[in-house]
Amino acid sequence: MPRVHNFGAGPAMLPEPVLQQAAAEMLDWHGSGMSVMEMSHRGKEFIAIHAQAEADLRELLSIPKNYKVLFLQGGAAAQFAVVPLNLLRGKDRADYALTGYWSKRAIAEARRYCKVNIAASSEDGKFSYAPAQDKWKLDPGAAYVHMTSNETIDGVEFHWVPETGDVPLVADASSHILSRPLDVGRFGLIYAGAQKNIGPAGLTIVIVREDLTGQADPHTPSVFDYKVQAEADSMTNTPATYAIYIAGLVFQWLKQLGGLARMEELNVAKAKLLYDYFDQTEFYYSPVAKSDRSRMNVPFRLRNDKLDTEFLKQAESAGLTQLKGHRAVGGMRASIYNAMPLSGVQALLDFMRQFERKHG
Ligand SMILES: *Cc1c(COP(=O)(O)O)cnc(C)c1O
């Protein structure tokens with residue numbers, strides 16, 4: 001069976017050279033006589049893998065020295081609770097931008113820990129756009145401002161960074177981290193589950209400004225206390241060793257490709273193929289405002305939704321998989337993360353044109 005074009009939102013496809021290298025090193029990593037899965041997380045081999053992964057991530061994102069990089073578990077969903085536990089720092093409230101399915105989930109979880117002020121919302125437009133800066137109502141007494149910088153399900157991406165003054169900005173960047181350069185210094189904290197654009201599920205990356213750590217709520221589990229984990233090099237407990245190794249291979253792959261500026265060019269070109277088509281056909285459409293369309297997650301709809309099932313069935317037979325939109329919103333969605341080559345997007349476009357000719 002040839003490899004399919006996998007448009008899944010996450011766990012998502014990985015770069016083929018990374019999978020090949022992992023396969024080649026499966027039984028014997030660099031002459032250690034062991035698989036990475038079998039290594040002690042405290043042994044010199046794994047410590048080297050871990051340190052290299054962190055160094056490469058720091059280089060790719062130009063992470064300033066006063067930021068800690070943590071390799072945690074629990075997914076982005078754990079961070080929905082872990083962020084307030086660590087960042088409230090004695091305050092009773094936080095600002096949240098409500099821009100889609102994932103920010104809604106983050107808000108519901110935060111409400112268990114503090115008062116949530118909805119500082120900005122696009123609910124009135126069914127989460128089809130990113131609220132402009134002048135619409136944000138920030139509370140200077142908030143402990144932090146939380147945003148979902150790319151809404152994976154709704155397909156809305158912030159192509160700019162909100163200004164939040166002295167209040168630290170926190171971003172759930174799960175589905176677009178490493179897709180473009182990022183000015184980390186504008187954020188207090190950035191977190192991302194790995195299974196979208198980094199590596200396998202089971203690893204969650206947290207990049208946190210050092211001065212924001214060390215004041216966690218006393219009930220915070222130690223494994224979720226940023227300061228405790230930072231001091232232990234993310235090894236207060238056993239980290240997701242194999243997932244960290246694969247993420248490290250992905251970072252190397254990104255560096256070889258030319259880094260995030262180059263990756264951004266490729267991602268812009270890929271997304272443009274699809275959005276340009278939606279803007280000229282009557283058969284499909286994008287529900288997202290032009291200025292805020294995600295380069296990573298591209299939701300689209302057929303004007304005649306009675307054809308949805310047939311579309312998905314024929315796409316599947318053409319080797320184009322996981323195009324069904326999230327059950328919360330319906331329609332279709334093509335996730336085209338870093339690992340998706342231009343040729344995969346071209347194959348989808350060719351299929352869509354052909355389907356339109358047959359059924360339009
Ligand atoms: C997938 C996703 C999550 C949830 O990630 P889990 O690893 O399942 O916890 C949260 N936020 C965003 C933006 C996502 O794309």
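Visitor: What makes Glu265 and Arg262 a salt bridge?

Guide: The closest N and O atoms of Glu265 and Arg262 are 2.7 Å apart. A salt bridge is a side-chain nitrogen of Lys or Arg within 4 Å of a carboxyl oxygen of Asp or Glu, so the pair at 2.7 Å counts. Both residues lie in helix α7 (residues 259-278), three residues apart, about one turn of the helix. The model is predicted: local features need pLDDT of at least 70, side-chain atom pairs count only at pLDDT 80 or more, and totals for chains, interfaces and linings use all residues. Residues are numbered from 1 along each chain as its sequence is written, and side-chain values use heavy atoms, with hydrogens and water left out.

Visitor: Why is Arg262 called partly exposed?

Guide: Its relative accessible area is 35%. Buried means under 20%, exposed over 50%, and partly exposed in between (1.4 Å probe, protein chains only), so Arg262 at 35% is partly exposed.

Visitor: How do you know that Lys115 forms a salt bridge with Asp92?

Guide: The closest N and O atoms of Lys115 and Asp92 are 2.9 Å apart, so the pair meets the definition. Lys115 is in strand β4 (residues 115-121) and Asp92 in the loop between α3 and β3 (93-98), so the pair links parts of the chain 23 residues apart. Helices (H or I, at least four residues) and strands (E, at least two) are DSSP runs, numbered from the N terminus.

Visitor: Why does Lys115 count as exposed, and what does Asp92 count as?

Guide: Lys115 has 53% relative accessibility, so it counts as exposed. Asp92 has 36%, so it counts as partly exposed.

Visitor: What makes Met26, Leu27 and Met37 a patch?

Guide: Patches are made of residues with over 30% relative accessible area and no salt bridge; like charges are joined within 9 Å, nonpolar side chains (Val, Leu, Ile, Met, Phe, Trp, Tyr) within 5 Å. Met26, Leu27 and Met37 form a nonpolar patch on the surface. One of them, Leu27, has 71% relative accessibility and so counts as exposed. Leu27 is found in the loop between α1 (16-24) and α2 (44-61).

Conventions: Accessible areas come from the Shrake-Rupley method with a 1.4 Å probe; for residues, only the protein chains shown count as cover.
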